[in-house]
Amino acid sequence: AANDEPGARDASRARALLDPAAALPPRAETVALADAVAIASSKHGRTPAGGALARTAADLRARLFRADHTAADAREALELYGAAAGVHDEAGCAAQ
């Protein structure tokens, strides 16, 4: 089942936080969540699932940057978008 996949619960929570109406948790908690999704992405490798997880983590870090203006979040988002773009599927195409 999808919830048995590495990072499925974290990815679901991260996607919920991408809603502009959703309040972001404290910065440290949001960073930890984005990092957990990024780690799950690396476990999936250069697969469609890995690309989708990298895109989700990147989107969350980008949202955090827009809210908090911490340069590290922008750098992480760019790195994660690069990882997503390296996967040849819809998530990779969207990240390019």
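Modeller: Let me start with a definition: the expected span of a helix is 1.5 Å times one less than its number of residues, and helices are DSSP runs of H or I of at least four residues, numbered from the N terminus. This is a predicted model, in which local features need pLDDT of at least 70, side-chain atom pairs count only at pLDDT 80 or more, and totals for chains, interfaces and linings use all residues. Residues are numbered from 1 along each chain as its sequence is written, and side-chain values use heavy atoms, leaving out hydrogens and water.

Biologist: At what angle do α3 and α4 pack?

Modeller: Helix α3 (residues 48-68) and helix α4 (residues 71-85) pack at about 160°, with their axes 8 Å apart. That makes α3 roughly antiparallel to α4, a term for angles over 145 degrees; angles run from 0 to 180 degrees between N-to-C directions, and axes are lines fitted to C-alpha atoms over the stretch in contact.

Biologist: Which residues make that contact?

Modeller: Among them are A54, A58 and F65 of α3 and A77, L80 and Y81 of α4, where contact means heavy atoms within 4.5 Å.

Biologist: Switching to α2, which of its residues are buried?

Modeller: Buried means under 20% relative accessible area (1.4 Å probe, protein chains only), and the buried residues of α2 include V31, L33, V37 and H44. What covers the buried residues of α2 includes α1 (8-17), α3 and α4.

Biologist: And just after α2?

Modeller: There, G45 takes a positive phi of about 70°.

Definitions and conventions:
Helices (H or I, at least four residues) and strands (E, at least two) are DSSP runs, numbered from the N terminus. Angles under 35 degrees count as roughly parallel, over 145 as roughly antiparallel, 65 to 115 as roughly perpendicular and the rest as oblique. Buried means under 20% relative accessible area, exposed over 50%, partly exposed in between (1.4 Å probe, protein chains only).
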